[in-house]
Amino acid sequence: MSYDSTTIAQRLDLIRQHIPAHVQLIAVSKQVSVPRIQAAYEAGIRDFAENRLQEAIPKQEQLKDLKDICWHFIGHLQTNKAKKAIEHFDWIHSVDSLKIAQRLNRLAAESSLSPQVCLQVKILPDPNKYGWQDQELLADLSKLEECEALKIKGLMTILPLGLSSKQSLLAFEKTHDLARRITKQSTLNLNQLSMGMSGDYPLAIQAGATMVRLGRVIFGERDSRC
Ligand SMILES: *Cc1c(COP(=O)(O)O)cnc(C)c1O
């Protein structure tokens with residue numbers, strides 16, 4: 001075992017002590033090389049997330065012998081790339097507009113591919129993020145209910161930078177409340193909450209996250225050029 005794969009395994013041991021069994025740990029492998037992804041796989045990780053198709057697809061090709069990997073897409077998706085996304089990913093966490101939801105729904109209806117998805121919400125205003133604000137999402141609910149080929153499972157959120165712990169916890173709780181409210185007042189069942197990254201995942205778990213997306217705490221800092 002190389003030094004690096006030992007480190008990844010040791011980091012995972014520590015992280016797992018903070019993650020209850022009902023919370024799924026997703027390793028964010030964007031900008032992480034194939035050997036390091038393999039090291040995480042050997043340490044027991046089966047869920048990996050990528051945010052760019054052009055980076056992910058060649059890596060998936062190199063890892064295709066590891067058949068039980070579940071691939072999660074977490075980046076902004078353009079409509080012209082939707083087909084590629086559902087061909088290559090089991091989950092799409094970053095469905096961030098009605099337009100992309102409807103496109104994915106149409107593709108899923110026409111094929112046997114039907115990814116599980118989360119709706120990305122901007123729970124606090126953030127000009128740098130995609131996603132629905134809560135009122136916008138509530139307004140689009142009836143159109144989302146019509147996307148019957150799409151397996152809409154939950155909400156995903158990314159918090160703006162620079163929040164205090166208290167503000168982060170409140171924002172995660174607000175996301176949880178929104179999911180509960182939508183489940184109550186629509187035909188959607190939003191039981192999944194994809195929230196929490198390296199800097200804030202304990203707070204996300206405290207607020208009810210069911211999936212945490214961790215990159216740097218597992219793999220170390222990414223290349224700053226990317
Ligand atoms: C990069 C990324 C993560 C992981 O971030 P870390 O800070 O490395 O844990 C999680 N979610 C999304 C959507 C990302 O783009």
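Visitor: How do the residues lining the largest pocket divide by class?
Guide: The lining has 9 nonpolar, 8 polar and 7 charged residues. Ala, Val, Leu, Ile, Met, Phe, Trp, Tyr, Cys and Pro count as nonpolar, Asp, Glu, Lys and Arg as charged, and the others, Gly among them, as polar. This is a predicted model: local features need pLDDT of at least 70, side-chain atom pairs need 80 or more, and totals for chains, interfaces and linings use all residues. Residues are numbered from 1 along each chain as its sequence is written, and side-chain values use heavy atoms, without hydrogens or water.

Visitor: Which residues lie nearest the centre of that pocket?
Guide: Lys30, Ile74, Lys129, Ile158 and Met197 do, out of 24 lining residues. A pocket is an open set of points on a 1 Å grid over the protein atoms alone, where a 1.4 Å probe fits, with protein on both sides within 12 Å along at least five of seven lines; lining residues have an atom within 4 Å of a point.

Visitor: What volume does the largest pocket have?
Guide: About 560 Å³, taken as the space filled by probe spheres set on the points.

Visitor: Which pocket does the ligand take?
Guide: The ligand takes the largest pocket. The test is more than half of its atoms within 2 Å of the grid points.

Visitor: Which residues are around the ligand?
Guide: Val28, Lys30, Ile74, Ile158, Met197, Ser198, Arg213, Leu214, Gly215, Arg216 and Arg222, each with a heavy atom within 4 Å. By class, that shell has 5 nonpolar, 2 polar and 4 charged residues.

Visitor: How much of the ligand's accessible area does the protein cover?
Guide: The protein covers 93% of the 380 Å² that the ligand has on its own, by Shrake-Rupley with a 1.4 Å probe.

Visitor: Next, how much space lies in the second largest pocket?
Guide: About 240 Å³. Its lining counts 14 residues, with Leu159, Pro160, Leu161, Gly199 and Asp200 closest to its centre. The classes there are 7 nonpolar, 5 polar and 2 charged.

Visitor: New topic. How many disulfides are in the whole structure?
Guide: The search finds 0, with a cut-off of 2.5 Å between cysteine sulfur atoms.
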